[in-house]
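Biologist: Please show me the model. I would like to go through it piece by piece.

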Amino acid sequence: MSASSAFNDEKGGSSNVGEPEYGHDPASGGIFSSDYKRHDDLKEMLDSNKDSLKLEAMKRIVAMIARGKNASDLFPAVVKNVACKNIEVKKLVYVYLVRYAEEQQDLALLSISTFQRGLKDPNQLIRASALRVLSSIRVTIIVPIMMLAIKEAASDMSPYVRKTAAHAIPKLYSLDPEQKDCLIEVIEKLLADKTTLVAGSVVMAFEEVCPERIDLIHKNYRKLCNLLIDVEEWGQVVIINMLTRYARTQFLNPNMNESLLEEGGGEKAFYGSDNDDDSDDEEDKEEKEKKKTEATAIVKRKPYVMDPDHRLLLRNTKPLLQSRNAAVVMAVAQLYFHLAPKAEVGVIAKALVRLMRSHSEVQYVVLQNVATMSIKRRGMFEPYLKSFYIRSTDPTQIKVLKLEVLTNLANETNISTILREFQTYIKSNDKDFVAATIQAIGRCATNIGEVRDTCLNGLVQLLSNRDELVVAESVVVIKKLLQMQPEQHSDIIKHMAKLTDNIQVPMARASILWLIGEYCEHVPKIAPDVLRKMAKTFTNEEDIVKLQIINLAAKLYLTNSKQTKLLTQYVLNLAKYDQNYDIRDRARFIRQLIVPTDKSGALSKYAKKLFLALKPAPVLESPFKDRDHFQLGSLSHLLNAKAGGYQVLPDWPEAAPDPSVRNVEVPEWTKCSSREKRKEKKADKPFYSDSEGESGPTESADSASDTASGSESGSGSEESGSGSESEESNEESESASEEDEEEEGKKKKKNVEKIKARKPVPESESEQSSGEDEKKSEKKSKPRIGSTESESDEDGDSESESSESEEEESEEESEEETKKKKKTTASKPSSKPPKKENKKEKKEMSLLDFDDFDPAPSPSQVTPLNNFLSSSLVTDLEGLSLTDNVLSPTTIVPSGNLKTYELLHRITGEGLSVEYCFSRQPFSPDPHMVAVKIQFTNSATSEAKSLHMEDTKLQSGMRIKEFPEIEVLPAGETLSVVMGIDFCDSTQAANFQLCTHTRKFFVSIQPPVGELMMPIFMTENEFKKEQETLLQSLGQLMGMNEITEKLILEEKCQGEHAVVQRVTTAANLSRVPCGSDKECSPPVPPPPFPIHRFAGKTVTSGSLVLVSVVTKEDGAAQLTVNCEKMVIGTMLVKDILQALTQ
């Protein structure tokens, strides 16, 4: 770091990351200076050859991002360092790219080819980081690339990379839900993984993408139960919650018989107590007999036997109650509450009480769930009653929840202790807590009849409290208690009537007035006097009190009209002119009801029954009573409302589903003849293998080291400097050192086997096509996935798989050499294809693919002109008359009208309208620019002067050639000009100002992807050769240079002419003429379906674009695009599909 500090000293900056960069003199205002100089410094450091300077620069850039500063202009300088060998630099570059990938999508897309190479890196951390960044780029265009990368990573030898693939699945699903079916296949594959590192992540992906697909869990249920204890903590939470839902659909309710017995017994006792009641009729007797027969049938029923898989789940989750993670303990607690027999649920109480010593946030969630549990399973928490006593330091929300639990736990034995606690709580300074305590006392009095009088007397004593809020809450609770036995407590009603002079809380005054009106017959002398006092203050009362005054007046008028008739009329007249329309309407309604007139309706006869009907006593219930229909521990349970993404807890099935669905089939290797041989090999060398049957009990240990590669152990000096991967690099180096000798001995044999597996012979492809569909869909060029099944009986199987990623560069060289020899012996090709391969190979070895930055076309992408003039041209195009200008692109432009686009509307342009089209002619000043024809039309009455361009705003790499200034455009005339734009092979818009002598208009030209290319002439043989060369040279990038889509053509589009016209309209390509089959050696049979081929190259970089459309029966067709530029290929497929299906 000495060089770094020296560099910083020269620039006058600080070498400490995270500190503001002052100048030498703090008073110079360096902290407020512009960012230009600092960014220049960073660019210099990033372009340096020293990793230490690059690392320092990246740390400063990430620190800038953390402080909220914009570092997007450094993107080109940063992205060049993706291929840096220093892992620390590469990690920080990935952090930067994830930050700006979504904001600057086109710039992020430039680095996709680098990520693809990163996906093949020998180091598992780099492969995982590349996939993580790729999945973080929220651009719909690269969905196919992300899909292929996830499929590749799901089969990776490293469990860490497979875990990252599982994390990427929900990201891709949220970006494009249409990929659900493909993602389910990947999830199904990852669910079969036996490593603990992957289990939690893939279950999380399962919950996000397809939680309804319970059938995917059947085969993996027992494995997940057994792995649970070793999975990381957050994975345990996800798996437990998922298995809770699974168990509710697959097993019977273990408490079914007990609950029915209690229900039947309770009914029996209830009806037995009412035998002497005269109100028993025949229906009650029939129902009673029915209950008795049900109870008898339950007793005779076969006793419940728990499913072994149900027991397995309960047994394997029980030890996790001792976890240090509160979320894991809570997850196990909810699982036992929802799934365990009643006798076994009690084990969770102690663990939940232990969590209450944690932070207040954890306490809050735990107490919410305890409050719900204690309603149904009260006995479970009774031994821990004192743990729920309230401390003075508890926050208010914790106090209220503890009160809820104490109230739920109250019974005849402990009520005296709980009431003594409540007495203490009432003296608290926290008024909300005191109000909640008073409500709790009322609930206890409601639930336990023996203490009702005691509680009522205590609440009456509180009426003399100095605090108005305490008195008001007491009044509300007393009102509810008095409704149960009003005739016994007339003294309390009289006492409360006297409080109307002092209590000012509206709810309390309204409650007193309601009590007096409801039981006015018990206080006949006091009630009229209360109405008199209330009539005086009627206009100053709150609305809720006014309504109760009107009700009191109506009830007294019906029971004691002599004393209260005038008072009632006075109150109704006051209410008639009140500001609140509710009060006015109530007054009019009551006047018509209680004061009969000639116009009164039939209801006035029943006024007394309406107002003085017997009302049922209110039931004071816990607010947590009905919350258990939500899964405990979930956000929905906490909020008591269904949250987004919540999966409903299923009801228990009435009949047990088939348990055999969870039986795992015998692994394939046990059926083969070489079983004993495999056992011997496994005993000799217990190394990780992809086949599931060979994974032993040391799976988790072996899987962590299964990515040991020779290149990593060889570059140990580089990796030893990174402390973040110390554990993994240690395991990798150990496993690599143990197997160095064996690998050297078997190196040659392995290479020969790999070359055999990869030999591109059409016959072998046709033989394997039936059994290898899935592997071909993943488009892999390496045999570790594609040929593991076919080589599963050979001795070198595990060696060829486990050491696949070791010394990749040397393997690739040896493979290329052997491949060349194979080609020369098998056929007699010209010497040009090997040269192309050498050039491509040399390009692959470079640190960074600069194709996206360098506009110069590579030789392997563009067909040179001398190829067109070769002797084979005459034979390939026999019967066609070719002139000398056949090579000119102008002759290849398809006939038909070019699509025009509006640049400036005549209303916006004040009479000047501007349209543009892509002329598909070469732009003579610069062949790397797209020619854009612009047509000006002056619809105004006056002439337009000085039409020109200004203030062009282009993305990095783009260029523009302005059209010459138009001095005068007379009224009513039209004029066309041509300008050139180098779009740098992207669909990013070119923004500029279109100016007249008086106005400036902001306009932009955005090209369709089909206009970014120019047609080239190519014969059918050359088309096939270029297509094969592309596939072979770029095959190492997971085959992402070929995109295939199936489609259905409409009737009007099924003809050859229609297909050609629509494809050439969508993209500036030329049609490849069909060659002469008789010139081929050996002769090629005609294809079963017609194939339409089109060729072109991108204007800027000259990258080859090959398109073929195969039309089949019934309008079915297949579109294939080969292009080295992945993004262009993806967008082109979309546009051609749209053109062919419209």
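Biologist: Is T1111 buried or exposed?
Modeller: Buried means under 20% relative accessible area, exposed over 50%, and partly exposed in between, with a 1.4 Å probe and protein chains only. T1111 has 8% relative accessibility, so T1111 counts as buried.

Biologist: What are the ground rules for these values?
Modeller: This is a predicted model, in which local features need pLDDT of at least 70, side-chain atom pairs count only at pLDDT 80 or more, and totals for chains, interfaces and linings use all residues. Residues are numbered from 1 along each chain as its sequence is written, and side-chain values use heavy atoms, with hydrogens and water left out.

Biologist: Which residue in strand 15 is the bridge partner of T1111?
Modeller: Helices (H or I, at least four residues) and strands (E, at least two) are DSSP runs, numbered from the N terminus. Two strands pair if DSSP finds at least two bridges between them. T1111 sits in strand 14 (residues 1104–1111), and 7 bridges join strand 14 to strand 15 in the antiparallel sense. The bridge partner of T1111 is A1117.

Biologist: Which residues does T1111 contact, leaving aside neighbours within four places in sequence?
Modeller: Contact means heavy atoms within 4.5 Å. On that basis T1111 is in contact with L1049, V1059, F1089, P1090, H1092, A1116 and A1117.

Biologist: Which residue in the turn between strand 14 and strand 15 has a positive phi?
Modeller: The two strands form a hairpin with 4 residues between them. In that turn, phi is positive, at about 60°, for D1114.

Biologist: Which residue of strand 15 stands opposite I1043?
Modeller: Strand 15 (residues 1116–1123) is mostly covered, with 6 of its 8 residues buried. Opposite I1043 stands V1121.

Biologist: What is the relative accessibility of R1071?
Modeller: R1071 is found in strand 12 (residues 1070–1072). Not counting residues up to four places away in sequence, R1071 touches E1056, V1060, H1092, R1093 and F1094. Its C-alpha atom is separated by 8.9 Å from that of I1016, 55 residues apart along the chain. R1071 counts as partly exposed because its relative accessibility is 31%.

Biologist: Which residue in strand 8 is the bridge partner of H948?
Modeller: Strand 4 (residues 944–953) and strand 8 (residues 990–995) pair in the antiparallel sense over 4 bridges. Strand 4 also holds S946, which has a positive phi of about 50° although it is not a glycine. The partner of H948 is C995.

Biologist: Where does helix 31 bend?
Modeller: The bend at a residue is the angle between axes fitted to the seven residues ending there and the seven starting there. Helix 31 (residues 561–576) has buried residues T564, L567, T568, V571, L572 and A575. Their cover includes helix 29 (526–536), helix 30 (543–559) and helix 32 (581–594). The bend is about 25°, at L567.

Biologist: Are helix 17 and helix 18 roughly parallel or roughly antiparallel?
Modeller: Angles under 35 degrees count as roughly parallel, over 145 as roughly antiparallel, 65 to 115 as roughly perpendicular and the rest as oblique. The axes of helix 17 (residues 308–317) and helix 18 (residues 326–339) come within 10 Å and cross at roughly 150°. H310, L313, L314 and T317 in helix 17 meet V332, L335, Y336 and L339 in helix 18. The two helices are therefore roughly antiparallel.

Biologist: Are helix 20 and helix 22 roughly parallel or roughly antiparallel?
Modeller: The axes of helix 20 (residues 360–376) and helix 22 (residues 396–409) come within 9 Å and cross at roughly 20°. That makes the two helices roughly parallel.

Definitions and conventions: Axes fitted to C-alpha atoms, helices over the stretch in contact; angles between N-to-C directions.
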